[in-house]
Amino acid sequence: MTEGKHCSVCSEVLVKQETVASKGHVEAVDEAKEATCTETGLTEGKHCSVCGEVLVKQKTVPAKGHTWNSGKVTVLPTSMKEGKKTYTCTVCKATRSEKAAKLASTPVYRLYNPNNGEHFYTTSTGERNNLAKVGWKYEGIGWTAPKTSKTPVYRVYNPNAGEHHYTTSKGEKSHLVKAGWKDEGIAFYSDDAKGVAVYRQYNPNAVTGTHNYTTSKGENDALVKAGWNAEGIGWYGMK
């Protein structure tokens with residue numbers, strides 16, 4: 001309305017007020033906020049920058065939630081202790097962890113053939129018992145192996161010498177098979193947590209029983225003093 005005037009005594013209008021058209025709202029944008037993995041967002045909105053009236057109301061956008069990857073074992077489990085598996089969000093890099101179950105284990109039996117000097121290693125009680133019946137000396141449990149791992153130990157057999165050989169190396173296994181040894185598959189598995197070292201020794205003077213495997217550093221050292229070659233750590237048993 002324009003300004004007007006009237007008589008304060010008789011109320012006669014002296015200057016009539018006139019209607020002025022409304023100016024309309026002056027729009028201002030309320031910026032959108034993108035939702036994150038854990039926090040809600042907002043859609044774009046609008047309000048009048050003069051009177052503050054909301055013209056387009058912002059709406060809440062739900063949090064997206066984490067997108068977890070397949071996880072990675074960050075603490076290897078053993079037969080005695082649980083491990084830890086950690087998952088990472090592919091968007092915000094947040095992490096969460098869960099327990100990794102203790103590893104199932106199996107004993108590796110050790111036998112000795114007094115006729116040819118070979119040591120034999122197996123997880124099979126049937127194989128152990130059959131060999132003991134035909135004259136092999138049962139020497140007890142050599143070590144404890146995981147029932148599975150990322151590192152298999154292969155077993156090959158030389159039908160000409162009557163000897164077995166054990167290795168984690170596919171290359172060594174393939175080389176021996178090409179030379180006439182028989183591939184007998186996976187004998188057992190090595191502990192990826194590297195719990196207990198299994199030492200490997202080689203007797204350069206023997207025709208059979210050329211290799212020995214033991215967790216005993218004392219046995220390893222005694223054989224080396226007797227002329228065997230120390231070939232380092234063959235694989236690992238479990239703690």
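In strand β12, His119 is the bridge partner of Tyr112, and this pair belongs to the four bridges over which strand β11 (residues 105–112) and β12 pair in the antiparallel sense, where strands are DSSP runs of E of at least two residues and helices are runs of H or I of at least four, both numbered from the N terminus, and where pairing requires that DSSP finds at least two bridges between two strands. The model is a predicted one, in which local features need pLDDT of at least 70 and side-chain atom pairs count only at pLDDT 80 or more, whereas totals for chains, interfaces and linings use all residues. Residues are numbered from 1 along each chain as its sequence is written, and side-chain values use heavy atoms, with hydrogens and water left out.

Strands β11 and β12 are part of an open sheet of three strands in the order β12-β11-β13, with antiparallel pairing. The edge strands are β12 (119–122) and β13 (137–146), each of which pairs on one side only, and the twist averages 25° from one strand to the next, with axes taken as lines fitted to C-alpha atoms (for helices over the stretch in contact) and angles running from 0 to 180 degrees between N-to-C directions. Helix α1 packs on this sheet and touches β11, β12 and β13, its direction making about 15° with that of β11; contact here means heavy atoms within 4.5 Å. At the start of α1 (residues 125–133), a side-chain oxygen of Ser124 reaches to within 3.3 Å of the backbone nitrogen of Gly126, and the helix is followed by Gly135, whose phi is positive, near 115°.

Thr122, which is placed in strand β12, counts as buried at 3% relative accessibility, the classes being buried under 20% relative accessible area, exposed over 50% and partly exposed in between, for a 1.4 Å probe and protein chains only. The side chains of Thr122 and Glu127 are joined by a polar contact of 2.6 Å; such a contact is a pair of N or O atoms within 3.5 Å, of which, within protein, one must be able to donate a hydrogen and the other to accept it, while residues adjacent in sequence count only if both atoms are side-chain atoms. When neighbours within four places in sequence are left aside, the residues in contact with Thr122 are Pro107, Val108, Tyr109, Leu111, Glu127, Arg128 and Arg155.

His47 is found in β5; Ala28 stands opposite His47, and the bridge partner of His47 in β6 is Val54. The side chain of His47 makes a polar contact of 2.8 Å with the side chain of Asp30, and His47 is partly exposed, with a relative accessible area of 24%. Residues up to four places away in sequence not being counted, His47 touches Val26, Glu27, Ala28, Asp30, Gly52, Glu53, Val54 and Leu55. Of these, Gly52 lies in the hairpin of β5 and β6, which has five residues between the strands, and takes a positive phi near 80°.

Helix α2 (residues 170–178) is capped at its N-terminal end by Ser169, a side-chain oxygen of which lies 3.3 Å from the backbone nitrogen of Gly171, and just after α2 Gly180 takes a positive phi of about 110°. Positive phi values also occur at residues that are not glycine: Lys93 has a value of about 70° and is placed in the loop between β9 (83–88) and β10 (95–100), where Lys93 counts as exposed at 56% relative accessibility. Lys194, with a positive phi of about 55°, is placed in the loop between β16 and β17 (196–202) and is likewise exposed, with a relative accessible area of 54%.

A search of the whole structure finds zero disulfides, a disulfide being a pair of cysteine sulfur atoms within 2.5 Å. For Cys37, the nearest cysteine sulfur, that of Cys89, is 3.8 Å away, and for Cys92 the nearest, also that of Cys89, is 3.7 Å away. Cys37 is buried, with a relative accessible area of 10%, whereas Cys92 counts as partly exposed at 38%.

The mean pLDDT of the protein chain, pLDDT being the predictor's confidence in each residue from 0 to 100, is 94, and 100% of its residues reach 70 or more.
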